[in-house]
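Colleague: I'm new to this one. Could you walk me through how to read it?

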Amino acid sequence: MIPVTSARSLSEAYAILHQRPRGLRVLAGGTDLMVAVNARAGLDRIGHVLDIWKVPELRGISGAGGSLRIGALTTYTELMRSREIATHLPALALVSREVGAWAIQNRGTIGGNVCNASPAGDTLPLLLAAEATFLLGGPRGERTVAAHEFFVGYRKTALGADELLLRVDIPLIEKSHLVYRKVGTRKAQSISRTIVAVRKLAPRDVRIAAGCVAPIPLRCRNAEKAVAAGGDVRAALEQDITPIDDVRATAVYRSRVTGNVLLRLLG
Ligand SMILES: Cc1cc2nc3c(=O)[nH]c(=O)nc-3n(C[C@H](O)[C@H](O)[C@H](O)COP(=O)(O)OP(=O)(O)OC[C@H]3O[C@@H](n4cnc5c(N)ncnc54)[C@H](O)[C@@H]3O)c2cc1C
């Protein structure tokens, strides 16, 4: 039997993190972790589960102080229903509607999507294009990591073994506009084949990010520079991405469709 600790506050969670039990795994909504557990994938590496679902400090959305602050335990359903999100970042509500079905939307969290760090995580290109920062915390204190520095390898993050993701912060930039397009195998309830997000600050000043086209969700800086210089955006994008063939799509499909989607989003 794997021991499970259900923390009721951040300090209770930090007390467990401080002890650093062997094979510690954090459990939020469980929609990624429990799938892996059911498949017995990496089960032998789990020595202790820290359940954070009832930690109140990790909930809530606010739009104060020039940034949108989203607690790590915010579910997709909460993102879809939030007035703050609808006002400041409606694209995040729209993409939440495209994640799984109701059961997943009620239980899956933005923090779980970030920390699971799948290249196909649907919120991640949006957070990268929106230049989000992640507030991490643990018994040693808090620190902020930019989204583009957080994803360090395939499903690997900058999160320390004794750290939690506490909050996602998104700078509110007046008159900027975030758009995205997810391409799946069908219109609903599908994992992305490619997903592209663009934050438009001015006609030639954009932030571009994509998922499913590299081992990590990534900022497409060559494409951004090509937009700024009026250059060949599709060719520049090819330098950013390294798509592979897998069960959902071929590398050629991903490359072509990602380029098509990006050009359409740029208008
Ligand atoms: C049927 C189904 C459909 C799905 N469809 C989609 C989809 O369309 N798009 C999509 O992007 N995803 C999809 N997912 C994946 C999943 O629902 C999301 O990634 C979700 O956001 C995960 O959140 P969670 O709270 O359930 O994470 P969990 O499963 O609890 O955790 C995921 C990982 O993150 C870590 N973690 C979680 N929270 C924290 C934290 N605050 N601090 C530190 N570490 C943390 C956990 O240790 C674990 O390693 C689907 C899953 C299922 C089962």
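**Strands, a helix and a ligand**

Modeller: Let's begin with a pair of strands: β1 and strand β3 (residues 48-51) are parallel and share 3 bridges. Helices (H or I, at least four residues) and strands (E, at least two) are DSSP runs, numbered from the N terminus, and two strands pair if DSSP finds at least two bridges between them. Before we go on: this is a predicted model, where local features need pLDDT of at least 70 and side-chain atom pairs count only at pLDDT 80 or more, while totals for chains, interfaces and linings use all residues. Residues are numbered from 1 along each chain as its sequence is written, and side-chain values use heavy atoms, with hydrogens and water left out.

Colleague: What stands opposite Val-4 in β3?

Modeller: Strands of a sheet pair through backbone hydrogen bonds, either parallel or antiparallel. Here Val-49 in β3 is opposite Val-4.

Colleague: What is the order of the strands in the open sheet?

Modeller: There are 3 strands, in the order β1-β3-β2, with parallel pairing. β1 (4-6) and β2 (24-27) are the edge strands, each pairing on one side only. From one strand to the next, the twist averages 20°.

Colleague: Which strands does helix α1 lie across?

Modeller: Helix α1 (residues 10-19) lies across β1, β2 and β3, and runs at about 160° to β3. Contact means heavy atoms within 4.5 Å. Axes are lines fitted to C-alpha atoms, for helices over the stretch in contact, and angles run from 0 to 180 degrees between N-to-C directions.

Colleague: Now the ligand. Which residues come nearest?

Modeller: A residue is near a molecule if one of its heavy atoms lies within 4 Å of it. Of the 33 residues around the ligand, Val-26, Thr-31, Asp-32, Tyr-76 and Thr-109 come nearest. The largest share of that shell, 5 residues, is from α7.

Colleague: How do β12 and β13 run?

Modeller: They run antiparallel, with 7 bridges joining β12 to strand β13 (residues 205-211). The two form a hairpin with 2 residues between them. Arg-199 has Arg-207 in β13 as its bridge partner.
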